[in-house]
Amino acid sequence: MVSGRKSTGEGIALVPAHFLVWTYAALLGIPIYFVFASAFKDNIAIFDTPLALPTSFSFNNFVEAWNTVKLGRGLINSLIVTTMSEIVTIALALPAAYGIARSKGKIGAIVERFFALGFLIPAFAAMVPTLLLSIKLNMYHTLPFFSLFLSATTLPLSVILLAQFMRTIPTELEESAMLDGATRWQTLRFIYLPLTRAGIVLVVILNFLTYWNEYLFSLVLLGYDTSTRTVQVALPVLITNSTQYGVLLAGTLISLIPVYIVYIFFHRKIEGALLAGSIKV
Amino acid sequence: MTKIKNEKTIFFVLPAIILYSSFMIGPLIAMFYISTLKWTYIIAPPSFLGLDNYRNMFESDAFWTALKNTILLVATLLPVMIPLAFMIGYYLSLKPRGHRILRILMFTPGLISMSATAMVFFAVLTPPGLLNGTLNNLGFSNENTAWLGSTRTALTSIWFINLWQGVGYTAVLMTARLESIPREIFEAARLDGASNWNRMWRISWPIILDYIGTVTMLQFLWTIFGGAGLIILLTGGGPGYATTTLGVLVYGKAFSENQLGYSQAAGVILFIFGLLGMILIRRFIRAKE
């Protein structure tokens, strides 16, 4: 009886909380709804009745956004950059994590500290030197340079997260493989790689969001040229002196499609990935 | 037997260290060096200058306005955002009705790119946009404020966009952290008659204070570094210098005004500002423990 009374009291106490949280949720939801609705409207309809449902569902705005700033090319460039960066990062982070997780003596700990230092280094501050480096290497405005840069900025977190996963693998597995004559690379390939799959998926998802969404370095290192610009750089080009807001927002929706797809398939993992990513910093 | 010898460790970690050093450590050191050069634009030949870039910078209004804006932004944003996110996070951890849909909604801004976020708010805040359109429908006739174009409202608009973007995402992170606390602690407190409000502030807050410190640092770094991209997209630092932060100054001096030396001097100050801010946040959290 006592506990029943108490929980009713709490139910009433929570009313302001319900109200505040749902108000904030509305503030989040309204702009998102506005983007969907406006993608099917023209400027006059957007201003006169911003929150009304669109009267027709023509895809003209999407087609126009796609053609004016060549979003297709931007999506492909973004996809190339993201894929290359993911491959380089995993190819370098896996052996490094293995070395750290299974090293004897102090050197593993020192290397781990060195990577942890990366959390304190804002890549942003070093934007100009990075640009100069790309010119010096004769890789200015090239996708591979940008991918190498993105990989480098995500290596610290990737290495440290993967090393954590590898530490949980019992050493006996490796010992018996080594007794059978396996080399270090073979144990990494055939024992650690399969057993660290969950960790790799986590790192790949976390990095996907970073790579796909990057804007400022993409602008500086790849520029506005259609042949190299990513979708994130192509999108703001839709802003002109006479911006068609419906077209702009239709383009915005197109740029978000890959993230929606990944979110639909991996939404539980994404939360976990971002949580893990924030804990280590 | 199972441990790798030191020489072999080096072999495994070396490729990663090389890439990481040449793209992160190297450029950071180069920034300090370039800040002492007389260098206008990328292809012009640089020459040594000493500390004149710093003197020019300290004598310019742009720098002091940028510093003031940066401090104003973080000092008014974080004390609102972090407690708000904590309260929402606590609320979600109680699993009230609709918590699943709330979680998805809260998380969305964290997935959307800076570029897309900027486009959305450009359309919301432009004179013929969502905000003015709605105000007109509510009876404020002929509302046509350019929210991002007026000195009075530009920085406040940026502030709100940062809040919009950060609160929900941070809240979900805090929910996940709160859910890892053993339920028995709350059960015991509830039986002792502690209200939800007290369980939130007296029990949960101290337990996850360390994590709150981490999240605060993340948001701090995001606001001073990442936030610059959002401002560059939306206002370019204007009107005048109304929304110029240190990050925007670093970018603008290098790429719009062709003063690489000045830009990198501002970069050095921003870097130091970041370190000091993190030490300060850590001190603050430690003192509360």
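Residues are numbered from 1 along each chain as its sequence is written, and chains are lettered from A in the order in which they are written. Because the model is predicted, local features need pLDDT of at least 70, and side-chain atom pairs count only at pLDDT 80 or more, while totals for chains, interfaces and linings use all residues.

**Exercise 1.** Determine which elements of chain B have the lowest and the highest mean pLDDT.

*Solution.* 
1. pLDDT is the predictor's confidence in each residue, from 0 to 100.
2. The mean pLDDT of chain B is 88, and 97% of its residues reach 70 or more.
3. Helices (H or I, at least four residues) and strands (E, at least two) are DSSP runs, numbered from the N terminus; chain B has twelve helices and two strands.
4. Among these elements, strand S2(B) (residues 47-48) has the lowest mean, 80, and helix H3(B) (residues 61-93) the highest, 94.

**Exercise 2.** Decide whether Leu233(B) is buried or exposed, and state which residues it touches.

*Solution.* 
1. Leu233(B) lies in helix H10 of chain B, which covers residues 209-234.
2. A residue is buried if 20 or more other C-beta atoms, placed from the backbone, lie within 10 Å of its own, exposed if 12 or fewer, and partly exposed in between.
3. Leu233(B) has 22 such neighbours inside 10 Å and is therefore buried.
4. Two residues are in contact if their C-beta atoms lie within 7 Å. Leaving aside residues up to four places away in sequence, Leu233(B) touches Pro236(A), Ser115(B) and Ala118(B).

**Exercise 3.** Describe how helix H5(B) (residues 114-125) is placed against H10(B).

*Solution.* 
1. The axes, which are lines fitted to C-alpha atoms over the stretch in contact, with angles from 0 to 180 degrees between N-to-C directions, come within 9 Å and cross at roughly 40°.
2. H5(B) is therefore oblique to H10(B), since angles under 35 degrees count as roughly parallel, over 145 as roughly antiparallel, 65 to 115 as roughly perpendicular and the rest as oblique.
3. Residues of H5(B), including Phe121(B) and Phe122(B), meet Gly229(B), Leu230(B), Leu233(B) and Leu234(B) of H10(B).

**Exercise 4.** State how many residues of chain B are in contact with chain A, and which helix gives the most.

*Solution.* 
1. On the side of chain B, 75 residues are in contact with 82 residues of chain A.
2. Helix H1(B) (residues 6-34) gives the most to this side, with 16 residues.
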